[in-house]
Amino acid sequence: MNVETAAGVTDFRPFARPERLGKSPAWLDGVRETAIERFREHGFPSSKIESWKFTNLSPLARTTFRDASAIKGPELTRADLEPYRLTPDCHLIVFVNGQFRPDLSALDHVPDGTRIVDFTAAEEEDLRALTAPPAVPVDPRARSLFDLNTACMSGGAVVHLGRGAILDPVQLLFVVRPDAEPTAFHLRNLIRAEAGSSATVLESYVGLGDGIYWTNVVTQIAVAPNAVLRHYKLQAEGNSAFHVAGTSVRLDHQAAYRMFAASLGSELSRNEVDVDLAATDTVARLAGTTLARGAQHLDTTIRIEHSKPRGTSSQESKAVVDGRAHAVFQGRIRVAPDAQKTDAQQISRSLLLSSTAAADTKPELEILADDVKCSHGATIGDLDEEALFYLRARGVGEAEARKMLIDAFIGELIEHITVDTARAYFRRAFDRWLAYGAQP
Amino acid sequence: MLKIEDLHVEVDHKEILHGLDLEVTEGEVHAVMGPNGSGKSTLAYALAGRDGYAVTGGRILYQGRDLVAMAPEERAREGVFLAFQYPVEIPGVVNANFLKSAVNAVRRHRGKTELDAMEFLKLARQKLKLLNMDEALLSRPINVGFSGGEKKRNEIFQMWMLDPRLAVLDETDSGLDIDALKIVAEGVNALRGPTRTILLITHYQRLLDYVVPDKIHVLAGGRIIKSGGKELALELEAKGYADVVKAAAA
């Protein structure tokens, strides 16, 4: 693939070979062709589009990327991945440079009624679910990278929980070791939780090295009646990486979805999460934190669609921004006319650690029902100088005192992570980030 | 051990201390008393090195060294302790973690071995018991949800843990009922000793009923206008600041 300008694709060859697409039914080719046609028409989202006004993708659009299949998977051992594992013994599916690596995965003890497979082993029904339209409709020009993903997707994980299945934590680990030439990875994941099932799924994106690459990932999630999904995501891509993610969640009757996402890697990232509370009595709780430094630009965009009555949703975002970095939080809540007794909350807090750091936060509420509880709030501030002085006046060094206060700011969100191993996992990731920050 | 000479301090480009002189001998307890707005808290913050309290003239010699050149944490490690008038609430930072870092920073600086978690806990429990405080305090965020009295006692507890050479107590008596005041006073008295110097900054003489100073200095208009023995507190109590200030100016 050769994407040269924001105006669109100048030379597109579908590089995802048919044999790599599972059973690759004819309809899928049609879906892909339609998708690439739409991408050609719209090109990369421009910052003239409202939902992209804070995030300029032109550095991405200017880069020419090779297809993932053009680079060889590096030699990696299980030991190399150890620092990025949730636990040493959780279910694990590993992709290295976009390619499924059974040798590094740990899928031997997946219980009956549950499937964790790579994309090429997807069943027809998985492929249907994988290629479903996003859960929340938006301006198609804002979603062109989803179309590009549909056209180019060549790998990803499928997690299917049968009725009533209970699954211990499973980790989807995407590792990239970039090389000299920029490479694009178009990944597509599917998580389907059937009625009454319960699972914990961690997605980790890890870059080992500084080369330029682009992870463009779409994760489709369907949570059936009375099912519970705890979903975690760590974005720790390499320093020169681009990360664009679209997570799309549909909740059925009495389904519960919890998400915690941490964005701390990449040079430019856009993490979109769309949740449709598509049936009655659903719960969606989303929390996330962005840790940005240097010249990073990290964007989180959430759209919550309350389609049916008695849905509860919450969004809690915390950003710590240092250097010349820029954090963006956009949170939309839409309550359909039918969605009475909705309870929707949103809060966004940003902590700026330097005078050149920036944070933009944009709440957007569209409430078409009359019997609802909705609230939103946003704060942007500096470290508390008084608190800093108090700590220093007791002998704590300035760097350590700052660390304590930053840690206090984000620590509260981590404490809310309900799964112990996941809480410890993010704790380690944040500690690494904080330790790096303390270095000169 | 502390010698302040012709000290000028500005806050927001406004001079608050206009040439303050003060000398405190090691092992003594001195009180600085003064009316509101006389510069008491400015003196306290200037000693601790708070940003925004700019020393524009004069000097502060602490154990013969220039205190002004030191960062706040360096002063603390050298043995300067400021008990805040308004101890800061810091949500999310647990007392024990903070205090262990502080104690060990000070110990490192003094060439002592650091305390591990168990040793720290043992020491903290011992001090808390002496101060009649609940050790649950250790696992709570710093000063969050504490009453005024609890905050002041927490300051005394931290002072005990950090074992300072020069303790500056900024209106530690304010806002305390008589029972809390006695506990705080006992906490201060217990620290008196030949190698410890204490500077009590206060508006009222009532703390001085419990912590009897060796010397009293009256601060007014950004200068020490009068110094004397402990009987000076009684004079201030009887006549009020206005008369004493007027008499000193005459």
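Predicted model: local features only at pLDDT ≥ 70, side-chain atom pairs only at ≥ 80, totals over all residues.
A pocket, as the word is used on this tour, is an open set of grid points with protein on both sides within 12 Å along at least five of seven lines.

**Stop one: the largest pocket.** Begin with A:Met404, A:Asp407, A:Ala408, B:Gly92 and B:Val93, which are the closest to the centre of the largest pocket among the 40 residues that line it; the volume here is about 920 Å³. Then widen the selection to the elements that each supply at least two residues of this lining, which in chain A are strand 16 (312–321), strand 18 (342–352), strand 20 (372–382), helix 7 (398–415) and helix 8 (420–438), and in chain B are strand 7 and helix 3. Colouring by residue class instead divides the lining into 16 nonpolar, eight polar and 16 charged residues.

**Stop two: the interface.** Now select the contacts between the chains, where 31 residues of chain B meet 16 residues of chain A. The area buried between chain B and chain A is about 1900 Å², and carbon and sulfur atoms give 64% of that area. On the side of chain B that touches chain A, the elements to select are helix 1 (40–48), helix 2 (72–77), strand 6 (80–83), strand 7 (90–94), helix 3 (95–109) and helix 5 (148–162), each giving two or more residues. Helix 3 of chain B gives the most to this side, with six residues, and the residues of this side comprise 21 nonpolar, six polar and four charged.

**Stop three: the second largest pocket.** Finally, select A:Ala236, A:Glu237, A:Asn239, A:Leu264 and A:Gly265, which lie nearest the centre of the second largest pocket, a space lined by 22 residues and holding about 640 Å³. Strand 8 (198–207) and helix 8 of chain A each supply at least two residues of the lining, and helix 8 provides the largest share, four residues. By class, this lining has nine nonpolar, eight polar and five charged residues.

How values were computed:
Residues numbered from 1 in each chain as written. Chains lettered and ligands numbered in written order. Heavy atoms only, no water. Contact = heavy atoms within 4.5 Å. Buried area = accessible area lost by both parts, 1.4 Å probe. Nonpolar A, V, L, I, M, F, W, Y, C, P; charged D, E, K, R; others polar. 1 Å grid on protein atoms, 1.4 Å probe; cavity = no way out; pocket = protein on both sides within 12 Å on 5 of 7 lines; lining within 4 Å. Points joined across faces, edges and corners; volume = space filled by probe spheres on them.
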